[in-house]
Amino acid sequence: MIGCWVREREAQIDRIDFFVRKCPAANRYRNRFWLERSWTFEGIVLGTKVEQPRIVVSPPGPKARELLEKDEAYISHSAVRWYPLVAESGSGCIVKDVDGNEYVDFNSGIAVLNVGHSHPRVVQAMRDQAQKLLHYSWTDFYYKPLIDLAEQLTKITPGTYRKKVFFSNSGAEAVEAAMKAARWHTRRLLFLAYTGAFHSRTFGAVGLTASKPVQRRHFFPLVPEVTHVPYPYCYRCPFHLEYPECSLWCVDFVDEEVLKKYHPPEDTAAMFVEPVQGEGGYVVPPEDYFQRLKKTLDKYDILFVDDEIQAGLGRTGK
Ligand SMILES: Cc1ncc(COP(=O)(O)O)c(C=O)c1O
């Protein structure tokens, strides 16, 4: 998505280099553009300057309207769509609808297509694998690409400790697995999570989710037991305090008002966090927050589960 500006930025950097030679003070602008230039993937420029968006028929066009009617007839209403875009193809940061309209895509598959739509290397890897072997079930047998990927992930994720990878089909399944692993490992039952959290909608995960009543309405009882605490949202602080004068009361609150009063730490398996709260409003906690929280959890051997399904790998372009 972002990579489409790279070539243009490179031209700008060349112009800035020229000015830097003449005027060293311009260097700070160069550094800014240098950062933007790094929006490449393994040295590959992800896109080129684009001419879109291009609207050829007022959306939703006739083909889209026909499909919307069919969707209404045949697709479960449990999914909520934001607007009537019927996507047909995509390339880099551009997505095209069934009527030929082209848009600059800021959705990016809900922020998961980090290298853009149909990146040639991704497509090639999928094509190569599909021609060799489509499925055999890794839960019962072994595959080389799976082992290689796991090894790669343990190398590129932070931390030098020993790691293992569990592959699953979706974020929901990963969260469910983390809940089970935490219970298994600690032999404790309780969980902590945040108000505003989104960890998905399956029966275990929806107990952690607390961003909209509609996600839980008519589904109780959920998997017990989850206590929700306020997310560190400084702009609209739930405690009406100011950072940094608050001394991160939101961390001490977990210790003093929850764990010491009614949620026994020795029964608490794990706390689930989103490092940046996604669906809850794209909330970025203060820099020192998670270090402080982790220290509190470590005091009681409560596991820290970092759900980066939305905020995760590669989002910063690094
Ligand atoms: C933080 C977080 N966890 C879990 C999920 C669920 O992922 P999936 O839709 O792949 O099940 C999401 C989805 O948006 C998410 O943002």
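This is a predicted model: local features need pLDDT of at least 70, side-chain atom pairs count only at pLDDT 80 or more; totals for chains, interfaces and linings use all residues.
Residues are numbered from 1 along each chain as its sequence is written.

The secondary structure of the chain comprises 10 helices and 9 strands, where helices (H or I, at least four residues) and strands (E, at least two) are DSSP runs numbered from the N terminus. Of the 318 residues, 20% count as buried; a residue is termed buried if 20 or more other C-beta atoms lie within 10 Å of its own, exposed if 12 or fewer do, and partly exposed in between, with C-beta atoms placed from the backbone. Two residues are taken to be in contact if their C-beta atoms, placed from the backbone, lie within 7 Å. Among the contacts with a separation of 6 or more, 66% involve residues 24 or more positions apart.

Four strands form an open sheet with parallel pairing, in the order β7-β6-β8-β9; strands are regarded as paired if DSSP finds at least two bridges between them. Strands β7 (226-229) and β9 are the edges of this sheet, each pairing on one side only. The twist from one strand to the next averages 25 degrees, the axes being lines fitted to C-alpha atoms (for helices over the stretch in contact) and the angles running from 0 to 180 degrees between N-to-C directions. Strands β6 and β7 are joined in the parallel sense by 4 bridges, and Ala193 stands opposite His228 in β7.

Strand β8 (residues 268-273) is mostly covered, as 6 of its 6 residues are buried. Its pairing with strand β9 (residues 303-306) is parallel and extends over 4 bridges, and Val273 has Asp306 in β9 as its bridge partner. Together with helix α10 (residues 289-299), β8 and β9 make a right-handed β-α-β unit; a crossover is right-handed if, with the strands pointing away from the viewer, the path from the first strand over the helix to the second runs clockwise. In a regular strand, side chains alternate between the two faces of the sheet.

A further open sheet contains 3 strands in the order β3-β4-β5, with antiparallel pairing. Its edge strands are β3 (87-91) and β5 (102-104), each of which pairs on one side only. Neighbouring strands of this sheet are turned against each other by 30 degrees on average, direction ignored. Strand β3 is linked to strand β4 (residues 94-97) by 4 bridges in the antiparallel sense, and Ser91 has Ile94 in β4 as its bridge partner.

The ligand is surrounded by 14 residues, of which Ser170, Gly171, Ala172, Ser200 and Gln310 are the closest; a residue is assigned to such a shell if its C-beta atom, placed from the backbone, lies within 6 Å of the molecule. Helix α7 (residues 171-186) supplies the largest share of the shell, 3 residues. By class, the shell comprises 5 nonpolar, 6 polar and 3 charged residues, with Ala, Val, Leu, Ile, Met, Phe, Trp, Tyr, Cys and Pro counted as nonpolar, Asp, Glu, Lys and Arg as charged, and the others, Gly among them, as polar.

In the loop between β8 and α10 lies Glu279, which counts as partly exposed because it has 17 C-beta neighbours inside 10 Å. Leaving aside neighbours within four places in sequence, Glu279 is in contact with Phe198 and Ser211. The C-alpha atoms of Glu279 and Lys212 are separated by 9.6 Å, although these residues are 67 apart along the chain. Tyr282 occupies the loop between β8 and α10 and has a positive phi near 55 degrees, in a residue other than glycine. Tyr282 is exposed, because 10 other C-beta atoms lie within 10 Å.

In the loop between β7 and α9 (249-259) is Pro244, which is joined to Tyr243 by a cis peptide bond with omega of about 5 degrees. His240 lies in the loop between β7 and α9 and, although not a glycine, has a positive phi of about 55 degrees. His240 counts as exposed because it has 7 C-beta neighbours inside 10 Å. A cis peptide bond also runs from Pro224 to Glu225, with omega near 0 degrees, and Glu225 is found in the loop between α8 (205-208) and β7.
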